[in-house]
Amino acid sequence: MLPEAFTRMLPEAIGPERAETVLQALSDEPSVSIRLNPSRLRECPFPEAEPVPWSPYGYLLKERPVFTLDPLFHAGCYYVQDSSAMFVGELLRQVLPSFGPGISVLDLCAAPGGKTTDLAASLRERFGERFSLLANEVMRSRFGVLRANVRTWGDPQVGVVSRDPSAFSGKPVFDIILADVPCSGEGMFRKDAKAVADWSPETVDFCAARSRRILADVWSSLKDGGILLYSTCTFNQKENDDTVAWIAGQLGAEILDPGCTDPVVRTRCGCLLLPGLVPGEGQYAAVLRKSGTAGAAPSGDIFSLFKADRPVPPPSSDPTYDLDRENALRYLHGDALCIPDAPLGPLTLTYQGHPLGPGKNLGRRCNNLYPKDRRIRMDIR
């Protein structure tokens, strides 16, 4: 059951008619969507999928498959992400023409990595290798998931760190910062029972104050004329429009028109995606340009500056061997393989041409070198 204070607050936040639509939608099953990795896959592998309107890589699925049993998922060919969360990537694509090769981007609150990999895809499509994307997650318990997802995605221009936002204060080195700040989570109520249990008006006030503190800490690392992408997965104005207006007035920025149209709701300062109006969950996003003249400060080596881990290893020179689905799942499960027709010695094992991981073929058996912490734990039969 939704908190009574939330149901009273919602009409004021988004209007009575929209509130009724959202409250009804929150009792429905959530949608399922994926976003392709354009460096590895250009066509959706699921039949009858429908494109996400604001993402060239996003698809809404008719039903939820068992992603764990799809080798393409483990090969980083796609990422399972809510369609509303993909809207932030669209806002990035809108501002990228203002920047050139060598662009440096910070994803400040990055775990589990959905928006990080979305940004990485758009940056690579536009700039090739000539960009740097630093993904940060302050919570150590969530950092491992971020690192694993970045490695699976497979872009060597993405580094990961775990720092408090205050660690980024100092020289202006980033052209774009994405701040998908921790919030009260109203937009995730039908997916996350804990978000419902933890919600209160006091939580909203706390999250709004924390967001402003985070932005104040990191603001000096954004170049003059640089872009802040601000987002939450909540509905209320305190964490959304009011905080964006505070950033503009107190930190010094211009609020840009994000150009959203129906069914995305244009708010005073940004865009709001509402369950019932869109297939996905709740998402708010806004775009601001920091006051000052763009391009005044060079970036340098972002990864060295912040001692970033770059989890994507260099390409292997080992010969490859393509597995069928049965053997690919056995490999991902950690089982030994028998592939007598494969070259002897170290191998990169692939599925439909996409790398899965290393092995060593001894002839009668192939030693499985897939990392133990990434292996499928469920029954693969």
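How many of the residues of strand β8 (residues 174–180) are buried? The count is 7 of 7, so β8 is mostly covered, where buried means under 20% relative accessible area with a 1.4 Å probe and protein chains only. Keep in mind that this is a predicted model, in which local features need pLDDT of at least 70 and side-chain atom pairs count only at pLDDT 80 or more. Residues are numbered from 1 along each chain as its sequence is written.

- Helices (H or I, at least four residues) and strands (E, at least two) are DSSP runs, numbered from the N terminus.
- Two strands pair if DSSP finds at least two bridges between them.
- On one hand, β8 runs parallel to strand β5 (residues 103–107), joined by 3 bridges; here Leu 106 has Ile 177 of β8 as its bridge partner.
- β8 also runs parallel to strand β9 (residues 222–232), with 6 bridges, and Ile 177 has Leu 228 of β9 as its bridge partner.

- Strand β16 (residues 354–361) pairs with β17 in the antiparallel sense over 3 bridges, and Lys 360 has Asn 367 of β17 as its bridge partner.

How values were computed:
Side-chain values use heavy atoms; hydrogens and water are left out. Buried means under 20% relative accessible area, exposed over 50%, partly exposed in between (1.4 Å probe, protein chains only).
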